[in-house]
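Visitor: Could you show me how to read helix packing and buried charges in a model such as this one?

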Amino acid sequence: MTPYLARLLEISLNNATIPSNWKKATVVPIHKEGDQLGVTNYRPISLTSVVCKQLEHVIAGCLRQVWDKNDWLYEGQHGFRPRYSRESQVITVCQDTADSLDEGVGIDAIIIDFSKAFDLVPHDQLFMKLVASGVDSRVVVWVREFLVGRTQRVRVGGQLSKEAKVTSGVPQGNVLGPLLFLV
């Protein structure tokens with residue numbers, strides 16, 4: 001399969017096109033915690049094309065490679081990165097706090113939880129930041145094509161909603177969504 005997927009990605013990158021069915025998502029709500037009747041207790045996951053997800057892995061590898069080479073991501077960013085985790089973030093915060101206490105330095109903390117953060121990523125700003133990060137222009141165009149013109153519908157039980165246009169944000173439950181959110 002690899003040679004065929006590689007050729008498909010090459011064609012997609014060179015022509016700056018993505019098949020329309022790769023831009024369609026079926027959103028399935030996954031219960032997080034709390035009352036199962038509360039809508040806010042669910043996380044939306046976008047089910048998308050398996051072939052597209054394979055190509056997303058290649059694009060994600062390209063993005064990570066450029067960003068690592070350019071030292072572009074903030075070193076304190078632990079989410080959605082290889083060799084970083086929630087645990088490494090907690091260890092860093094604890095160590096910084098202990099160091100500050102040992103030195104007699106005051107500590108201020110601001111904790112923010114962005115509601116619907118993935119859904120609110122503005123595409124124009126995302127594309128400008130991708131260009132500024134040093135990513136190859138063909139990859140930026142591919143990501144733009146990947147995000148623009150997306151549609152989704154929601155499946156609950158056996159029922160499907162009508163298809164709706166997605167005008168901002170990055171898909172959850174896919175490969176590129178978390179990386180694009182970091183941008």
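Guide: In this predicted model, the axes of helix α1 (residues 2-15) and α5 come within 8 Å and cross at roughly 95°. Axes are lines fitted to C-alpha atoms, for helices over the stretch in contact, with angles from 0 to 180 degrees between N-to-C directions; helices are DSSP runs of H or I of at least four residues, numbered from the N terminus. Because angles of 65 to 115 degrees count as roughly perpendicular, α1 and α5 are roughly perpendicular to each other.

Visitor: Which residues make the contact between α1 and α5?

Guide: Contact means heavy atoms within 4.5 Å; here Leu9, Ser12, Leu13 and Asn14 of α1 meet Arg138, Val139 and Trp142 of α5.

Visitor: What does the side chain of Arg150 approach?

Guide: Arg150, in the loop between α5 (137-147) and β3 (151-156), is likewise buried without a salt bridge, but a polar atom of its side chain lies 2.8 Å from the backbone oxygen of Phe146.

Guide: Residues are numbered from 1 along each chain as its sequence is written, and side-chain values use heavy atoms, leaving out hydrogens and water. As the model is predicted, local features need pLDDT of at least 70 and side-chain atom pairs count only at pLDDT 80 or more, while totals for chains, interfaces and linings use all residues.

Note on methods
Helices (H or I, at least four residues) and strands (E, at least two) are DSSP runs, numbered from the N terminus. Buried means under 20% relative accessible area, exposed over 50%, partly exposed in between (1.4 Å probe, protein chains only). Lys and Arg count as positive and Asp and Glu as negative; His and the chain ends are not counted. A salt bridge is a side-chain nitrogen of Lys or Arg within 4 Å of a carboxyl oxygen of Asp or Glu. A polar contact is a pair of N or O atoms within 3.5 Å; within protein, one must be able to donate a hydrogen and the other to accept it, and residues adjacent in sequence count only if both atoms are side-chain atoms. Angles under 35 degrees count as roughly parallel, over 145 as roughly antiparallel, 65 to 115 as roughly perpendicular and the rest as oblique.
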